[in-house]
Amino acid sequence: MLNRVVLIGRLTRDPELRYTPSGVAVASFTIAVDRRFTNQQGERETDFIPIVTWRQLAENCANYLKKGRLVGVDGRLQVRSYENNEGRRVWVTEVVAEDVRFLEPAGGASRNPGMEGDSQRFSPKSNNDFDDPFADDGKPIDISDDDLPF
């Protein structure tokens with residue numbers, strides 16, 4: 001069986017961070033994802049998809065993501081239900097994110113300072129640079145065929 005969702009979209013609001021009674025962080029936010037086709041009026045329709053993150057990833061999202069930021073989300077689709085105050089069953093479909101990539105920096109620059117590697121393992125740095133081993137310093141990069149994965 002396979003349950004995998006990959007999305008790229010913009011946050012419609014700042015993430016909301018909460019903690020479970022046992023102290024586990026959970027953040028939720030919604031991303032807007034444009035459809036690939038246009039409607040009869042020539043406009044693109046947009047889907048608004050709820051995202052849930054847990055633990056350190058939830059805290060990172062709450063600390064570094066803001067409304068309007070472009071993100072990539074990799075996770076699984078989850079359907080759950082609960083009974084509301086009126087005694088009716090409410091069904092919720094959401095993406096439980098296992099990885100969230102920040103695809104643009106907060107300031108709109110072309111690089112993502114302080115965010116590198118797996119978004120679950122990044123840590124903010126004090127300056128606006130990050131150590132890029134493949135930065136263009138004018139020198140050729142020597143990579144052996146044995147180092148390539150293909």
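1. Two strands are said to pair if DSSP finds at least two bridges between them. Strands are DSSP runs (E, at least two residues) and helices are DSSP runs (H or I, at least four), numbered from the N terminus. In these terms, the bridge partner of glutamate 16 in β3 is serine 28.

2. The model is predicted, and local features need pLDDT of at least 70, side-chain atom pairs count only at pLDDT 80 or more, and totals for chains, interfaces and linings use all residues. Residues are numbered from 1 along each chain as its sequence is written, and side-chain values use heavy atoms, with hydrogens and water left out.

3. The protein chain contains one helix and six strands. Read from the N terminus, its elements follow the order β-β-β-β-α-β-β.

4. Strand β3 has several antiparallel partners. It is joined to β1 by two bridges, and arginine 10 stands opposite alanine 32 of β3. Four bridges link β3 to β2, which covers residues 16-19. With β4, the antiparallel pairing extends over 10 bridges; here alanine 32 has phenylalanine 48 as its bridge partner.

5. Two hairpins deserve attention. The hairpin of β2 and β3 has five residues between the strands, and glycine 23 takes a positive phi near 90° there. The hairpin of β3 and β4 also has five residues between the strands. In that hairpin, glycine 42 takes a positive phi near 80°.

6. Which residues of α1 are buried? They are Leu57, Ala58, Asn60, Cys61 and Ala62, where buried means under 20% relative accessible area, exposed over 50% and partly exposed in between (1.4 Å probe, protein chains only). These buried residues pack against β2, β3, β4 and β6.

7. A nonpolar core is a set of buried Ala, Val, Leu, Ile, Met, Phe, Trp, Tyr and Cys residues joined through side-chain atoms within 4.5 Å. The largest one here has 17 residues, and those with the most contacts inside it are Ile31, Ile51, Val73 and Val100. At least two residues each come from β1 (5-11), β3 (25-38), β4 (44-54), α1 (55-64), β5 (70-83) and β6 (89-102). The most is given by β6, with four residues. In soluble globular proteins, nonpolar side chains tend to be buried together.

8. Of the 150 residues in the protein chain, 29% are buried. Among contacts (heavy atoms within 4.5 Å) with a separation of 6 or more, 51% are between residues 24 or more positions apart.
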